[in-house]
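Subject: Structure handover and what was found in it

Dear colleague,

Please find below the structure I promised to pass on to you. My notes on it follow directly after, arranged so that you can read them with the model open beside you.

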Amino acid sequence: MGKIKVLVGMASCGIAAGATKVYNKISDLKKLENLDFQLVKTGCTGMCFREPLLEVIDSSGSFLYGEVDEKKTIEIFEKHIKNGEPVKEYVVKSELFETADSPYFKGQIKTVLRNCGVIDPENINDYEKHNGYKAIKKIIEKETSPEEVIQTIIDSGLRGRGGGGFLTGNKWKFAFNNKSDEKYIICNADEGDPGAFMDRSVLEGDPHAVLEGMIIAAYAIGATDGVIYCRAEYPLAIVRLNIALTQAREKNYLGKNIFGKNGFNFDIHVKEGAGAFVCGEETALMASVEGERGMPRRRPPFPAVSGLWKKPTNINNVETYANVSSIILNGAESFNKYGTEKSKGTKVFALTGKIKHGGLVEVPMGISIHDIIFKLGGGIQDDKKFKAVQLGGPSGGCIPDYMSDTKVDYDSVNATGAIMGSGGMVVMDETTCMVDMARFFLDFTQKESCGKCTFCRIGTKRMLEILNRITEGEGREGDIELLEELAVQIKDSSLCGLGQTAPNPVLTTIKYYRHEYEAHIKNKKCPAFNCKKLITYTVLEDKCTGCVVCAKNCPVNAITGERKKVHFISQDVCIKCGVCYNKCKFDAIKLS
Amino acid sequence: MRIQRVEIKQDNKVEISKINFMKLDPIIEKFRNKRGNLIPILQETQNTLGYIPKEAFEYISEKTGLKLSDMYGVATFYAQFRLKPAGKHVIKVCHGTACHVQNANTITESIIESLKINDGETTPDNLFTLESVACLGCCSLAPVMMIDNESYGKLTGKLAVNIIKEIQLKEKN
C-alpha cells in the first residue's frame, strides 16, 4: 500500500450534510484496523450538491467520493483505503477518468478557491506547502516598494469583489497617499447577502490566504492594525480564523518586525458582527467596530482619508484579499489574462435555488449566464423551465431567461439593472413568482434598513405594503406606477448602498415581468401558482384513489378521508404548502 | 426598521434576583478602557447569561460608566441581542433567498402549527424558541434550519417537525 491521504470536506455545509459522521467513522476504522494513513479535515471543494465529500489520494491519483454515508464510508474504507481498489461508482471527480459530474469542473479556473478542499485550513504548514506566505516573503526579500506592490495590483485590474467593483489598487493608493501614524486594514467578512456563501467557504477552507492578502495590503499602505469583521452566523469561520491568527503570530507573520523586517508591525483581530445586514456597508461596518449602532456615515470623507477611529483605512472584502497573494506571486498577467476588458480575473459564484448542481464555481469573468447555469450547473431541477436568475442579492435584480447570454462582468450585468454584488446567483424556475420575489427582497431590506434616512426607512415600508397587498390579491390600479415612483425617490435620497439599491429587485421585475404584476392586480391571479392567497388546492374526485399518502404527508392535518375513499382538503386549515400536490402519484390534487 | 421597543416582563423577578451578576466582572475587566468595547461586552454577557436582562445593563453601566442609553441603543439595533430569556433550544429557520425559493415558509408554518407558538416566541415550557433568520450560508442544502449549533438541510415541513419531536422526546426522558 502506497502512502494514502484521506480528506473529508468539513466546511459548515459539509458538516450539515453529515461529514462529521463520515470523519468519525474513518477515524474509528483507522484506529480499529491500526492503519497508517493521513486523515485530514479540509474545506469545501464547491461541490455542495454532492456533500458530504470524501477524497482518497493514493499513488495513482485522487478520487473524490460524493454523497457519502456511513455504509459507503465502510465500503470505501474496505475496498479503497485498505485494499487500494477505488469504488468507481461513487467517484464524482477524478483526474483519471470522466464522471457524470465532470462538466461541473470544466471551465472553472480556481484562484480564490485554489486551496479550498485541498489543504487543512487549521494547519499553517499545509498552507505554506501550497505556496502560502511566499508572496509576502518575496516582497520582503526583493525589497519591493509599497508603490510597486500597489502598481502590480492596479495592473492586474482586480476590482472589489464585495459588489462595489472599485479598482482595488486605486483604493490602496488613496490610503497610501494619506500620511498618518496609524492606518487600518479592514476585511469585510460580513457576508449578509442571502444566497451568497463564497466568503464563508474561503474563511473556512483557506483562512491564511485572507490573512496573507491583508498583510500585503498592510505593507502597501503602511497599516499598523487589521480587523476582520465576520458575521456571528459563521461560527466555524471565526474559530478557524482565530486558529490561523494564533499560528501566524507564532511564526512572527503577525506582530512586531514581522517577516524579519524592521519596523513592519502589523497584527489582526477578529470582530464578531452582531447581526445587521447594513454593517456590510463600509462606513456602517466601521461604526460597528467602534461599538456604535451600525449606521452609515456620510462620504466624503472616504475611509482612505478618515475611516476607522478617523484614521486612513483600507477596506476590502474576503474574496478580494484572497486574490492578492496569487497576483503578487505570479504577476499581474496571471490574473488579467482572464476576463473581459474592464472586468479582469476570475470570480466565484454561489449557485443556488432551483439548479441541479448547486455549489461554488470559480469562472473567468465574461462567461455567459447560460453557460454557468446549463454547462456547469447542469440545468434546472426536475428539468423544469428556466425563468430567471437573481444576481446581487437584495441590492441586485432578476435577469430573465431570454437574456441568459448576458456576460457576467461588472458592466454587462449593470446594464440589465441587476448588479454583480458578491456573486450570489439564485436560479428560479417557472414555479417562482416574480412579484413574490420582489416582495421577499423588499421585506428583507425594509427590516434591515437602519432607519437613518427617511426615504429608506419609510419608503421601503410603503413599497412593501404595496407588494404585500398585490400578492394577497388586493392590488389596485396604479400600484405599479406608485412603486416605480417610490423606487426612484428612495434611490435618489438614501445615504448608503442599502437604500440606493433596495428598489432594484422591484424595478427589474417590473421591467421584465410587468405582465405578472398586472395579472396579480387585474385578474387576481398568480401565474406561477405561488402566492398563497391566490391559489387553492382541491382533490379531483375522479382521480383520487384514497391511498392516504396526501393525508399522511400533510404537515397540518388538513386532509381527511378514509382509505380507498375520496379525500377532502379543509381550506380553513390548509397552509398551501403544496406537499400533497407533490406527493400525489395520481395527479389527483388540483392547483388553481 | 431595526428599532423596536422590547417589553421586558417583570414576572420572573425571583429568577433575576438569583442571577449572580458577579459573573460579569471578568468580562468587564477584560474590556475595560478598550475602544469599541460596548458590543463585545454585550456579546459576552449574552453568552454568559443567555440573554441581557435589564439589571445586567444597569450593573455594567455602573461598573464601566457606559451610558445606559448607548447600551440600549446598541442592544436593540443588532438582531443578535436578546432582552428576554430564550428557550433551551433555539430553532433558527433560514429565510435566505435560496431557502425562500425552496419554500422555507412551509418549514416555519409547520413548526408554528406544531409548537403552537408564533415566530419569535418561546414555548410555555421554555424548551423552544422559534426564530426566522436571514442566511445561514448553507444555501445548497436549502431549505435549512439550525437548532442550537446543529444544521439540518433539505427539509420538508414534516421532516422539520419530526426533528423537533425527537428533541421533545429526549427532553421528556
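What distance separates the centres of domain 1 of chain B and domain 2 of chain B, taken over C-alpha atoms? Before I answer, please keep in mind throughout that this is a predicted model. The separation comes to 30 Å, and the two domains in question are, according to the domain assignment, residues 19–77 for domain 1 and residues 89–172 for domain 2 of chain B.

Staying with chain B, its secondary structure amounts to eight helices and four strands, and, read from the N terminus, the elements follow one another as α-α-α-α-α-β-α-α-β-β-β-α. The C-alpha trace of chain B spans about 50 × 35 × 25 Å along its principal axes, and 34% of its 173 residues count as buried. If one takes the contacts in chain B with a separation of 6 or more, 63% of them are accounted for by residues 24 or more positions apart.

The strands of chain B form an open sheet of four, in the order β2-β1-β3-β4 and with mixed pairing. Its edge strands are β2 (128–133) and β4 (150–152) of chain B, each of which pairs on one side only, while the twist averages 20° from one strand to the next. Within this sheet, strand β1 (residues 89–94) and strand β3 (residues 145–147) of chain B run antiparallel and are joined by three bridges, and B:I91 is the residue that stands opposite B:I147 in β3(B). Helix α7 (residues 104–115) of chain B lies across β1, β2 and β3 of chain B, and it runs at about 150° to β1(B).

Turning to chain A, you will find 22 helices and 18 strands there. The radius of gyration of chain A is 26 Å, close to the 25 Å that the globule rule gives for 592 residues, so chain A is as compact as a globular protein of that length. Its C-alpha atoms fill a box of roughly 85 × 65 × 40 Å, taken along the principal axes, and 55% of the 592 residues of chain A count as buried. Of the contacts in chain A between residues at least 6 apart in sequence, 71% join residues at least 24 apart.

The domain assignment divides chain A into domain 1 (5–100), domain 2 (124–335), domain 3 (346–429), domain 4 (434–522) and domain 5 (536–591). Taken over C-alpha atoms, the centres of domain 4 and domain 5 of chain A are separated by 35 Å.

Chain A also holds an open sheet of four strands, ordered β8-β7-β6-β9 and with parallel pairing. At its edges stand β8 (267–272) and β9 (313–317) of chain A, each with a single partner strand, so one side of each is left without a neighbour in the sheet. The twist in this sheet averages 20° from one strand to the next. Strand β7 (residues 225–230) of chain A pairs with β8(A) in the parallel sense over six bridges, and the bridge partner of A:I228 in β8(A) is A:V270.

Helix α9 (residues 207–221) of chain A lies across β6 (184–189), β7, β8 and β9 of chain A, running at about 150° to β6(A), whereas helix α10 (residues 235–250) of chain A lies across β7 and β8 of chain A, running at about 165° to β8(A). Helix α8 (residues 198–205) of chain A is mostly covered, with eight of its eight residues buried, including the charged residues A:D199, A:R200 and A:E204.

Finally, how many residues does each chain bring to the contact between them? Chain A gives 51 residues and chain B gives 44 residues. On the side of chain A that touches chain B, at least two residues each are supplied by α1 (12–17), α11 (282–289), β10 (346–353), β14 (424–429) and α16 (434–448) of chain A, and α1(A) gives the most, with four residues. By class, that side of chain A has 26 nonpolar, 17 polar and eight charged residues.

With best wishes

Notes: Residues numbered from 1 in each chain as written. Chains lettered and ligands numbered in written order. Predicted model: local features only at pLDDT ≥ 70, side-chain atom pairs only at ≥ 80, totals over all residues. Pairing = 2+ DSSP bridges. Axes fitted to C-alpha atoms, helices over the stretch in contact; angles between N-to-C directions. Contact = placed C-beta atoms within 7 Å. Domains from an automatic or database assignment. Rg over C-alpha atoms; globule rule 2.2 N^0.38 Å. Buried ≥ 20, exposed ≤ 12 C-beta atoms within 10 Å, placed from the backbone.
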